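Work through the two exercises below using the sequence and the model. Each task is followed by a solution in steps.

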Amino acid sequence: MRPKIFPRAATKDMSTCVHCGTPFSASSAEEKFCCHGCEFVYELIQNEGLDRFYDLRRDTTVRPVRSVPFEAHDFSWLEKTVEEIETKSVRGKPVEADFLVEGLSCVGCVWLVEKVYLRQAGALEAVAHPATGHLHLRWTSGETDLPAFAREIASFGYSLSPHRKGASHGEARQLGVKLGLCGAFAMNAMVFTLPRYVGMPVGFSFAAIFQLIAFLSAMLAMLVGGSYFIRRAWIAVKMGSLHMDLPIALGLILAFTGSLIGWALEIEGLLYFDFVATFVFLMLGGRFLQISAIEKNRNRLQRQRPVPETLRSPDGGEPISLSELAPGLRFELLPGQSVPVSSVLDSKAGDFSLEWINGEADPNTFHAGRPLPAGAIYLGNEPIFLTAGETWEDSLLARLTSTYRAPIRVPGLEKLLRIYLFAVLLIGSGGFVWWLYHGTAASALQVMISVFVVSCPCALGVALPFADELAGSLMERSGVFIRESLLWSRLRKVKTILFDKTGTLTLERPVLANPESLENLLLEARLALARLTTGSLHPVSRSLLESLGHEGQRLLREHLTPDIQDVPGAGRFFEISQDIWSLGRPGWQPGFPLTTDSERPDHDSELRKNGETVARFCFHESLRPDAIAALQSLRAKHFRLVILSGDRPEKVSAAAKLLGISEEDAHAALQPADKENYVKRLDRHDTLYLGDGANDSLAFNAAWTTGTPVVDRSLLESKADFYFLGHGLRFLPQLLALAKRRQQAVHLAFAFALVYNFCAIAAALTGHMNPLVAAIIMPLSSAISLAIVGFGLRDVKKRSPKVALFEDLSYSSAQGNRLPEGDHDQRSKSFRAHPV
């Protein structure tokens with residue numbers, strides 16, 4: 001039967017998750033949470049008396065919790081780290097270490113993590129930094145259980161990981177130091193130049209000292225801050241590229257050189273030392289604003305490397321690095337790890353997910369002797385042994401996990417900079433020649449230097465980063481985070497939007513279609529189901545565990561979990577008090593072979609006790625909330641919409657039909673290289689690619705700009721231009737519309753800059769420009785540019801007609817495609833997934 005995909009029902013008004021603040025489409029007015037994880041953590045916070053978290057969070061949007069509290073976390077690395085630290089210390093003495101925490105987003109997160117830590121025995125101090133994800137811990141050696149703390153904060157949605165060397169020493173931190181120093185230098189230069197502006201006599205006894213201090217301040221500002229722009233401009237020129245740093249660097253060099261000449265020749269009209277120091281400070285301020293926002297978003301997700309850096313040796317010897325893998329080498333693979341190279345399974349059978357290869361999360365059973373493709377994710381609970389069939393360098397996974405993307409140049413900006421630089425140099429040189437012929441050499445030099453000084457792109461150098469920061473902060477309220485500063489200039493050229501299907505247009509995990517099957521379970525059956533699903537990597541098991549929510553976690557804490565036995569391709573079971581509980585495919589019982597009925601059952605999995613069916617569970621694949629309305633809005637704005645999926649043709653066709661995408665633009669059964677080739681054929685520097693899996697990695701490299709949802713097993717956050725939290729796609733039309741608003745605001749600021757430069761250069765050419773006037777108009781022009789950008793990107797509180805239209809489309813689309821209540825037979829056939 002042809003599979004069906006169902007959209008999530010939505011109410012007319014968007015809801016905001018009570019816990020994380022992420023907007024989402026609620027299926028009813030009573031629905032308050034965007035996911036089971038947020039609901040679980042909210043109840044946990046209330047029960048633990050930690051509700052001050054919400055007072056501190058205020059209006060900040062934090063990352064949705066999703067499945068973090070329900071996952072089985074391996075903190076064996078933490079036990080080794082603590083052991084290494086404490087063996088170098090004396091029991092009872094303070095020790096300390098640094099870690100990274102994924103999920104830190106606001107002051108509330110910092111307070112919560114520190115509060116939970118200080119409840120641990122022997123805990124002394126916790127210092128968390130949400131901007132970098134850095135966590136510094138101090139504890140009493142031998143008295144504090146750090147793995148227990150790591151598991152506890154995981155139940156609140158925060159994942160602890162090892163600290164990477166240099167992780168907190170990014171470009172933003174270096175710029176912050178430079179900015180602070182250059183601020184002091186600029187202040188000194190202005191203070192010791194001001195007496196000359198207010199009439200200090202040339203023969204004043206301290207005049208020479210004041211001038212020396214101004215020179216030293218400007219020189220230090222050039223060495224500390226100016227060198228940053230000069231170095232970047234020089235590297236770009238050597239690579240044959242031009243960007244905004246070049247006119248900044250030239251302006252600084254010419255202004256400082258002219259000031260040195262003026263000081264040496266005692267020409268007061270050439271002394272721009274205060275201008276140089278202030279200009280460096282303002283440019284660094286704009287750049288710091290831009291880089292710090294980007295780095296904060298990059299550090300927000302401290303994901304572990306998806307492929308282990310080392311593998312276990314079967315004989316327990318030295319760990320095997322990826323570079324040491326070679327054909328015939330035997331290694332051990334742990335649960336949840338991906339197969340690094342194409343290999344042969346030489347131990348027992350096991351279940352693997354091929355979602356990184358074809359985008360489908362459905363488990364596949366592989367038996368001993370069968371080859372395994374690189375990128376297959378092991379879903380079992382016990383280690384298995386593989387024999388490598390190739391080297392890491394030859395592996396497809398090495399290409400898929402590479403985070404390198406070729407730098408994208410902006411030809412329009414380069415052309416504009418060439419014209420700008422040529423015009424400034426021509427006007428300055430022309431002014432010098434004219435005044436040299438009609439005046440003196442000193443006046444000619446003063447005119448030329450003043451032209452170069454006032455034409456420095458100070459206003460744009462501050463306004464552009466401010467526009468990026470303001471636009472980025474507006475999108476953060478919708479759960480979208482920018483990772484690349486060039487995103488906005490790329491988005492305004494987008495004409496074609498390409499989507500992966502599974503995990504991007506649809507939710508990454510099957511949705512339980514008959515939740516009443518859980519509600520009707522007795523306490524004993526609920527406990528058995530929680531035991532059978534905990535620690536499992538199977539998508540259906542994880543969906544069931546999340547649906548059990550807070551009660552399931554409580555039952556697991558209060559009762560011991562017996563040994564769970566896995567039967568690859570069938571299910572899992574345990575025995576307790578002479579009762580055998582099992583969860584698996586329809587008709588399967590432990591100890592009996594799996595039978596295949598001629599008729600396909602109307603459900604996907606069964607919970608059994610001693611062979612008797614206790615509950616039947618149905619699952620379906622669900623479109624993301626607002627997917628239909630978002631794509632309808634984009635289509636109305638004449639964007640071309642394309643699906644590139646590794647999924648089966650019938651599933652892709654069903655999704656395309658619901659979304660209104662033509663059959664010609666819905667491509668199925670694609671390998672990673674096929675997706676890359678499609679993008680290369682379509683891209684004219686106008687494609688936006690949205691994907692979530694390793695099989696989208698090569699297509700990312702070929703697309704003009706990229707975005708990814710934050711899902712459980714993804715590596716694309718580290719190479720995407722932006723990533724988004726939450727479950728919906730409502731943000732996408734807003735993101736593209738905001739890119740146009742930003743462009744309009746920048747164009748207004750640029751128009752002002754042209755008028756300002758025309759007037760300032762005219763004053764310089766007529767000999768009416770001097771250092772005092774330059775010192776006044778430079779910050780004034782910057783302030784006006786900031787005001788223009790701020791007005792153009794102001795946060796409009798009332799709904800615009802376009803936003804209102806989108807919300808109405810969202811409501812009508814959801815209502816028109818809602819699955820009829822009680823139609824569970826239809827739902828059960830929509831998504832076939834067998835739990836393990």
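**Exercise 1.** In this predicted model, find how many nonpolar, polar and charged residues the lining of the second largest cavity has.

*Solution.* 

Step 1. List the lining. The second largest cavity is lined by Pro 247, Leu 250, Gly 251, Leu 254, Tyr 420, Leu 421, Val 424, Leu 425, Phe 452, Ser 455, Cys 456 and Pro 457.

Step 2. Two or more lining residues come from each of α8 (245–265) and α12 (411–438).

Step 3. Sort by class. Gly counts as polar, while Tyr, Cys and Pro count as nonpolar. The lining of the second largest cavity then has ten nonpolar residues, two polar ones and no charged ones.

**Exercise 2.** Determine how the axes of helix α4 and helix α5 cross, and which residues of α4 and α5 make the contact.

*Solution.* 

Step 1. Take the axes. Those of α4 (residues 107–118) and α5 (residues 146–155) come within 10 Å and cross at roughly 140 degrees.

Step 2. Classify the angle. Only angles over 145 degrees count as roughly antiparallel, and 65 to 115 as roughly perpendicular; α4 and α5 are therefore oblique to each other.

Step 3. The crossing of α4 past α5 is right-handed.

Step 4. Name the contact residues. α4 contributes Val 113, Val 116 and Tyr 117, and α5 contributes Leu 146, Phe 149, Glu 152 and Ile 153.

Step 5. Sort the contact of α4 with α5 by class: six residues are nonpolar, none is polar and one is charged.

Terms used: Residues numbered from 1 in each chain as written. Predicted model: local features only at pLDDT ≥ 70, side-chain atom pairs only at ≥ 80, totals over all residues. Heavy atoms only, no water. 1 Å grid on protein atoms, 1.4 Å probe; cavity = no way out; pocket = protein on both sides within 12 Å on 5 of 7 lines; lining within 4 Å. Helix = DSSP H or I, 4+ residues; strand = E, 2+ residues; numbered from the N terminus. Axes fitted to C-alpha atoms, helices over the stretch in contact; angles between N-to-C directions. Parallel < 35°, antiparallel > 145°, perpendicular 65-115°, else oblique. Left-handed = near helix turned anticlockwise from the far one by under 90°. Contact = heavy atoms within 4.5 Å.
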